Amino acid sequence: MGFGMGFGMFSVMFTIMFIVVIGMFVVSAVQGVSRWNKNNNSPRLTVQATVVAKRADISRHHHSGANDHHHSHTSTTYYVTFEVESGDRMELQMDGSDYGLLVEGDQGSLSFQGTRYLGFERG
């Protein structure tokens with residue numbers, strides 16, 4: 001009788017965790033599609049701006065496989081904060097090649113659409 005109760009409890013907990021994980025994926029997907037749609041419906045703007053900060057967010061993922069084979073994966077997300085003429089600041093995500101070309105203090109024309117970075121021209 002104890003075995004049946006323990007297995008039943010495991011089954012319930014597994015089902016709850018499965019639903020929570022699936023729910024997190026659905027919420028994340030909806031947020032991503034919503035952000036993409038909002039960016040697509042936003043106007044493309046070009047404003048005078050100054051690069052005021054840069055940061056890189058590094059995340060590590062560890063995986064365990066069969067026969068105690070472990071491997072890890074590292075990904076980096078790059079962000080640059082710009083200050084526009086009004087004094088407002090915005091942080092935009094970009095790829096590493098654009099990130100590497102920008103230096104704090106650079107001034108120029110920032111092009112963006114919603115939260116999507118389109119480019120920066122010094123000058």
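Guide: E85 counts as exposed because its relative accessibility is 71%. Exposed means over 50% relative accessible area, buried means under 20%, and partly exposed lies in between (1.4 Å probe, protein chains only). A word on the source: this is a predicted model, where local features need pLDDT of at least 70, side-chain atom pairs count only at pLDDT 80 or more, and totals for chains, interfaces and linings use all residues. Residues are numbered from 1 along each chain as its sequence is written, and side-chain values use heavy atoms, with hydrogens and water left out.

Back to E85. The residue sits in the loop between β2 (70–84) and β3 (89–94). Strands here are DSSP runs of E, at least two residues long, numbered from the N terminus. Along the chain, E85 and T50 are 35 residues apart, yet 8.4 Å separates their C-alpha atoms.

Strands β1 (residues 44–64) and β4 (residues 107–113) run antiparallel, joined by seven bridges. Two strands pair if DSSP finds at least two bridges between them.

Now follow β4 onward. Six bridges join β4 to β5 (residues 116–122), again antiparallel. Here L110 has F120 as its bridge partner in β5. Two residues lie between the strands of this hairpin, and G114 takes a positive phi near 65°.

Last, go back to β1, where H63 lies. With a relative accessible area of 37%, H63 is partly exposed. Beyond its neighbours within four places in sequence, H63 is in contact (heavy atoms within 4.5 Å) with H69, H70 and H71. H63 and Q48 are 15 residues apart in sequence, and their C-alpha atoms are 45 Å apart.

Definitions and conventions:
Helix = DSSP H or I, 4+ residues; strand = E, 2+ residues; numbered from the N terminus.
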